Amino acid sequence: MTSLSPVLKQATPVVVDHGLGSWIYGTDGREYLDFTTGIGVTSTGHCHPKVVEAAREQVGKVIHAQYTTVMHKPLIEFTEKLGEVLPAGLDSLFFANSGSEAVEAAVRLARMATDRPNIVVFQGGFHGRTVAAASLTTAGTKFSAGFSPLMGGVHMSAFPYAYRYGWDEETAVDFALQELDYLLSTRTAPNDTAAVLIEPALGDGGYIPTPARFLEALRERADRHGILLIIDEVQAGVGRTGKYWGHQHSAALPDIQVMAKGIASGFPISAIAASTELMSQAWPGSQGGTYGGNAVSAAAGVATLQVVAEEGLVENSRVRGQQLRAGLLDLQSRYPVIGNVRGLGLMQGIEFTAPDGSPDAATAAAVQGATTDQDLLTLTCGPVGNVVRLIPALVVTEREIGQGLERFDAALAAATASAGSDARGRGRP
Ligand code: PMP
């Protein structure tokens with residue numbers, strides 16, 4: 001009998017029959033509250049009627065109108081719609097299928113436009129799994145070990161992960177900036193550096209918001225040295241953090257913005273945005289692909305952006321995110337294994353810490369497993385997997401957040417009781 005390859009790991013044993021809004025209905029007859037959204041993808045919830053209708057209609061018109069051969073209406077419309085919400089000046093778009101592909105497109109553009117080879121990334125960043133994207137990923141060695149050689153020209157600098165260092169945020173930002181300046185004077189000269197690449201909040205690397213002052217200082221250094229700032233909004237974009245784009249928690253603007261996941265509610269499509277002037281510095285035909293900018297995905301993308309606007313989902317993310325965060329802080333006061341609660345909007349991470357201050361991956365895994373038993377779907381993240389992340393749909397209601405918190409509480413109780421760890425002290429101040 002044929003089976004799926006064991007290279008694919010699955011976080012839960014659930015087999016989905018169908019999904020609607022914040023809910024996944026299993027073939028086991030159970031109703032799961034989905035706080036994973038397919039890793040931050042189903043932004044408008046599962047099968048939003050308007051997204052379903054737009055895709056259905058497009059399937060009957062044309063499915064694959066290959067974009068280096070012919071152009072199609074959904075992609076033209078999606079380009080215009082994204083233009084309405086993109087930062088000013090980012091008026092030129094290129095489309096691909098996945099986040100990794102879009103990250104690679106951004107790097108290709110940056111290298112061509114600057115004629116410089118190197119890219120600086122930040123420790124804990126996640127930018128994808130294709131070989132070049134994996135070369136840019138430092139969210140855990142599991143993403144890049146065992147298939148070297150990786151792409152060259154990538155240099156890693158420190159990320160201001162205040163909790164890990166045991167510092168306040170200002171100290172962590174000062175340290176990370178010093179390290180970046182040191183890197184630029186010891187390893188990758190500004191004249192050799194095409195771009196710095198960063199997420200508005202570390203995603204798979206542990207759900208750590210990038211401090212505004214750090215992003216702004218990257219912008220300043222980019223301007224000073226003629227380096228491009230690439231912001232990877234693949235996970236943080238489209239309302240996820242309570243602003244339309246994650247970087248809008250700061251005053252920094254990207255030269256190149258990378259998008260995927262939430263822009264089309266689950267249909268595979270990704271994009272990079274830059275100024276026409278910047279895009280024009282790469283030669284025509286330097287980017288492309290067979291499936292990029294698929295017509296059905298683009299139609300779903302147009303409907304997604306409409307729903308986000310009509311239903312006020314960015315604001316809902318902010319408000320429901322506050323509710324979720326308040327509930328998690330309350331749980332932290334009752335469960336000493338929770339070392340840190342952090343996040344923006346509906347992108348919240350709970351870091352588990354052992355009494356000696358070390359990361360507690362075993363408890364995080366036990367809690368994540370226990371949430372499934374409570375009919376709540378969650379994921380872990382972080383380099384050693386000691387963070388549980390909650391990523392509800394942007395349509396999540398007050399009642400659903402309440403239900404999610406109750407189930408998370410029950411999962412914490414079950415997991416800490418079985419591990420006998422509920423009496424532990426919190427390790428880190
Ligand atoms: N960048 C970020 C910030 C991501 O979160 C991800 C996916 N988790 C990617 C890039 C890669 O996207 P994909 O899996 O679609 O290739």
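Predicted model: local features only at pLDDT ≥ 70, side-chain atom pairs only at ≥ 80, totals over all residues.
Two strands are said to pair if DSSP finds at least two bridges between them.

**First stop: the open sheet**

Select strands β1, β2, β3 and β15. These four strands form an open sheet, in the order β1-β2-β3-β15, and their pairing is mixed. At the edges are β1 (16-20) and β15 (376-377), each of which pairs on one side only. In general, strands of a sheet pair through backbone hydrogen bonds, either parallel or antiparallel.

Next, display β3 (residues 31-34) together with β15: the two strands run parallel and are joined by two bridges. Which residue of β15 is the bridge partner of L33? Select L376, for this is the partner in question.

**Second stop: the two domains**

Colour the protein chain by domain. Domain 1 comprises 16-34 + 314-419, and domain 2 comprises 50-310. The centres of domain 1 and domain 2, taken over C-alpha atoms, are separated by 26 Å. To the contact, domain 1 contributes 25 residues and domain 2 contributes 24 residues.

Select the ligand and display the residues around it: S98, G99, S100, F126, H127, G128, E199, D204, D232, V234, Q235 and K261. Sorted by class, this shell has two nonpolar, six polar and four charged residues.

- At G99, a polar backbone atom is 2.8 Å from an oxygen atom of the ligand.
- At S100, a polar side-chain atom lies 2.6 Å from an oxygen atom of the ligand.
- At D232, a polar side-chain atom lies 2.7 Å from a nitrogen atom of the ligand.

How much of the area that the ligand exposes when taken alone does the protein bury? Taken alone, the ligand exposes 400 Å², and the protein buries 83% of that.

**Last stop: two backbone details**

Most residues other than glycine have a negative phi, and most peptide bonds are trans. Two places in this chain deserve attention with that in mind.

Select S148 and P149, which are joined by a cis peptide bond with an omega of about 5°. P149 is located in the loop between α5 (131-135) and β6 (154-157).

Finally, move to helix α1 (residues 37-40), where T37 is found. Is the phi of T37 positive or negative? T37 has a positive phi, about 45°, although T37 is not a glycine.

Conventions. Residues numbered from 1 in each chain as written. Heavy atoms only, no water. Near = heavy atom within 4 Å. Polar contact = N/O pair within 3.5 Å; in protein donor to acceptor, adjacent residues only side chain to side chain. Areas by Shrake-Rupley, 256 points an atom, 1.4 Å probe, with all protein chains shown as cover. Nonpolar A, V, L, I, M, F, W, Y, C, P; charged D, E, K, R; others polar. Domains from an automatic or database assignment. Contact = heavy atoms within 4.5 Å.
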